[in-house]
Amino acid sequence: MLESLTIRNLALIENLTIHFREGFTVLTGETGAGKSIILGALSLLFGDRVDSSIIRSGETEASVTAALSVDHQPEVQEFLASRSIHLGDEPLIITRNVRLNSRGSIYVQSQPMTLSDLSFLSHSLFDIHGQSEHQSLLSSVTQRTILDSYASNEELIADYRHSYEEHQALEEEIRRLQESITQAQREEDYLGFVVDELKRADLKVGEDDQLRSEIEVLSQYEMIHDNAEQLYQTLKGSQQMLTVRFLRFS
């Protein structure tokens, strides 16, 4: 049962909260009063795809929030439990936000949900009947649900769902193991390449010290070259003073 509906910055509505009671509720008003906007807000919760044009002029975000009682909805309760959502005595709170310059968001009891999750929940909780609107009786999912309910197939459905979830878990485990095998093969190839490179390098004990000495000498190449040039010029009889910079090698 829908207990309340809160609409903010949707089309012409700035902020509106409607509370519902058990029984039949009628919303009346003249043309342009906003009845269609309220129906559109419910369509948002029904999982319809929308764009930012529905946001009220001058605002950057619109939102629709519904509070629903799901006491007699075992399928919904099971769906929520599978996502670690436990209502207790609280109503189910569904919120959908539409933003101007970014993707919208969907929350169920403050937990992020996908559009497909929202569609599943809303189709399980309520329906919209109207011209060019949803007709759930034409849905094969709804038809199958009604048929299963009439045939009292709850135990068969529960067994099937349990087996299906086990199958999905095994499929995921297979996928994870395949990824692990692929990663291990990549690491094996890389480590084999590293081993081959080390073998070709033919490294020797103490070779690193020798290489460091060579690097130090080479890093002072310009200084060595300048000193050698001055010494050469002096030996040729140059009148310039010999300036030799001493190099220190560790």
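**Reading pockets, a helix and salt bridges**

Modeller: Let's start with the second largest pocket: sorted by class, its lining has 13 nonpolar residues, four polar ones and four charged ones. Keep in mind that this is a predicted model.

Biologist: Which residues lie nearest the centre of the second largest pocket?

Modeller: Look for Leu2, Phe20, Thr25, Leu27 and Leu42, which lie nearest the centre among the 21 residues of the lining. Two elements give two or more residues to that lining: strand 1 (2-10) and helix 1 (35-45). The largest share is four residues, and it comes from helix 1.

Biologist: And how much space lies in the largest pocket?

Modeller: About 1200 Å³. Its lining counts 29 residues, with Glu75, Phe120, Thr145, Ile157 and Arg161 nearest the centre. To find your way around, follow the helices: helix 2 (74-82), helix 3 (115-125), helix 4 (140-150) and helix 5 (154-201) each supply at least two lining residues.

Biologist: Let's move to helix 3. Which of its residues are buried?

Modeller: A residue is called buried when its relative accessible area is under 20%. In helix 3 that applies to Asp117, Leu118, Leu121, Ser122, Ser124 and Leu125. Now picture looking down the axis: these residues cover an arc of only 160°, so they sit on the same side of helix 3.

Biologist: What do the buried residues of helix 3 pack against?

Modeller: Quite a list: helix 1, strand 3 (61-68), helix 2, strand 4 (92-99) and strand 5 (105-108).

Biologist: Next, salt bridges. How many does the count come to?

Modeller: The rule looks for a side-chain nitrogen of Lys or Arg within 4 Å of a carboxyl oxygen of Asp or Glu. Here the count comes to ten salt bridges. One of them pairs arginine 99 with glutamate 61, with 3.6 Å between the closest N and O atoms.

Biologist: Which parts does that pair tie together?

Modeller: Arginine 99 lies in strand 4 and glutamate 61 in strand 3, so the pair links parts that are 38 residues apart in sequence. Arginine 99 is partly exposed, at 24% relative accessible area, and glutamate 61 is partly exposed too, at 32%.

Biologist: How far apart are glutamate 173 and arginine 176 in helix 5?

Modeller: Three residues, or about one turn of the helix. They form a salt bridge whose closest N and O atoms are 2.5 Å apart. Glutamate 173 is partly exposed at 34% relative accessibility, as is arginine 176 at 39%.

Biologist: What about glutamate 197 and arginine 200, how far apart are the closest N and O atoms?

Modeller: In that salt bridge they are 2.3 Å apart. These two residues are again in helix 5, three residues or about one helical turn from each other. Glutamate 197 counts as partly exposed, at 36% relative accessibility, whereas arginine 200 is exposed, at 57%. Salt bridges can share partners as well: that is how Glu172, Arg175 and Glu179 are joined into one network.

Note on methods. Residues are numbered from 1 along each chain as its sequence is written. This is a predicted model: local features need pLDDT of at least 70, side-chain atom pairs count only at pLDDT 80 or more; totals for chains, interfaces and linings use all residues. Side-chain values use heavy atoms; hydrogens and water are left out. On a 1 Å grid over the protein atoms alone, a cavity is a set of points where a 1.4 Å probe fits but cannot get out, and a pocket is an open set with protein on both sides within 12 Å along at least five of seven lines; lining residues have an atom within 4 Å of a point. Grid points are joined across faces, edges and corners, and a volume is the space filled by probe spheres set on the points. Ala, Val, Leu, Ile, Met, Phe, Trp, Tyr, Cys and Pro count as nonpolar, Asp, Glu, Lys and Arg as charged, and the others, Gly among them, as polar. Buried means under 20% relative accessible area, exposed over 50%, partly exposed in between (1.4 Å probe, protein chains only). The arc is that of the directions from the helix axis to the C-beta atoms. Contact means heavy atoms within 4.5 Å.
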